[in-house]
Amino acid sequence: MHRPLVAGNWKMNGSKSLLVEMATAFRSRQPAACDTWLLLPSVFVESGIKQFSAATVQVGAQNLNWRLPGAFTGEIDASLLKEVGCRICLVGHSERRQIFGETDDEVVKKTKACIDHDIQPLVCVGETLLERQAGEAQQIVAGQIGALMEALTAAQMASVIIAYEPIWAIGTHEVASADDAQAMHAEIRRTLKDFYGPQCPDTRLLYGGSVRANGVKELLEQPDINGVLVGGASLNTNEFLEICNTAAVAV
Ligand code: PEP
């Protein structure tokens, strides 16, 4: 059984002072029974890694470019992340897919670039509201997972964590019901098992979408939900700590 994982995604938010505040608070109050990640804007990744002890909170990036180092002004590749001690990275967040046009193919390339550099990828999948209303949610998610499975061996997939984030629940205060979230997580697990068979890794599956301290217990009590990906609430030190504390005792 996995320890619960709570991953915070600051997106294009935060400040140096918030980083110091959070690192100080987590040093004394981080629950031992919860794995915690903080995915920061790239300018904060190196100092974040230094400020948090990896034993309490692992700090990583929100995106990378899959290409090898070269003339790609403004981009950051896996070797640069590794250079500053980064060992975890978010890949394929819906904001990157929707706003920056990131395709399944690019998500796969980014995931592979992470794996090749010993950076653990947290890959996001999820459907829009229109897709859910059209009854296509499972098909959309299966397609996103399918692109990954086609490209990764079971051994490579073993280092991947998947976050199911229904796009309609991100930043909207509309959390998927625990039953709906569990149903999709179970479906993702079944899809992985069907494809990889006996070699199938015991993939950690996270739920993301308007997670707050008061709803996290019910989500984590679901058999196929191993953790949560938290956006807005990870910018509030006390709320983020409360989510971690709740997760530590929920499973
Ligand atoms: C996210 O950024 O992945 C997310 C789930 O955001 P929020 O918790 O704010 O909905």
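## Two loop residues

Asp118 lies in the loop that joins H5 to S5; helices (H or I, at least four residues) and strands (E, at least two) are DSSP runs, numbered from the N terminus. The phi of Asp118 is positive, about 55°, although Asp118 is not a glycine. Lys11, also a residue other than glycine, has a positive phi near 50°. Lys11 is placed in the loop between strand S1 (5-9) and H1. Most residues other than glycine have a negative phi.

## Basis of the model

This is a predicted model, in which local features need pLDDT of at least 70 and side-chain atom pairs count only at pLDDT 80 or more, while totals for chains, interfaces and linings use all residues. Residues are numbered from 1 along each chain as its sequence is written, and side-chain values use heavy atoms, with hydrogens and water left out.

## Packing of H5 and H7

Two packed helices are described by the angle between their axes and the distance between the axes. Axes are lines fitted to C-alpha atoms, for helices over the stretch in contact, and angles run from 0 to 180 degrees between N-to-C directions. Helix H5 (residues 104-116) packs against helix H7 (residues 137-151) at about 45°, and their axes are 9 Å apart. H5 is therefore oblique to H7; angles under 35 degrees count as roughly parallel, over 145 as roughly antiparallel, 65 to 115 as roughly perpendicular and the rest as oblique.

H5 crosses H7 in a right-handed manner; a crossing is right-handed if the near helix is turned clockwise from the far one by less than a right angle, and left-handed if anticlockwise. On the H5 side, Asp104, Val108, Thr111 and Lys112 meet Gly143, Gln144, Ala147, Leu148 and Ala151 of H7, where contact means heavy atoms within 4.5 Å. The residues of this contact comprise four nonpolar, three polar and two charged. Ala, Val, Leu, Ile, Met, Phe, Trp, Tyr, Cys and Pro count as nonpolar, Asp, Glu, Lys and Arg as charged, and the others, Gly among them, as polar.

## Packing of H1 and H11

Helix H1 (residues 16-29) and helix H11 (residues 237-250) pack at about 35°, with axes 10 Å apart. Their crossing is right-handed. H1 contributes Leu18, Glu21, Met22, Ala25, Phe26 and Arg29 to the contact, and H11 contributes Thr237, Asn238, Phe240, Leu241, Cys244 and Asn245. Seven of these residues are nonpolar, three polar and two charged.

## Cavities

The structure contains two cavities of 30 Å³ or more. On a 1 Å grid over the protein atoms alone, a cavity is a set of points where a 1.4 Å probe fits but cannot get out, a pocket is an open set with protein on both sides within 12 Å along at least five of seven lines, and lining residues have an atom within 4 Å of a point. Grid points are joined across faces, edges and corners, and a volume is the space filled by probe spheres set on the points.

The largest cavity has a volume of about 50 Å³. Its lining includes Arg97, Cys124, Gln144 and Glu165, and helix H4 (94-99) and strand S5 (120-125) each supply at least two lining residues. The second largest cavity holds about 40 Å³, and H7 and helix H9 (178-196) each supply at least two residues of its lining. That lining has five nonpolar, two polar and one charged residues.

## The largest pocket

The largest pocket has a volume of about 540 Å³. Of its 19 lining residues, Ser42, Gln62, Asn63, Arg96 and Phe100 are the closest to its centre. H4 gives the most to this lining, with three residues.
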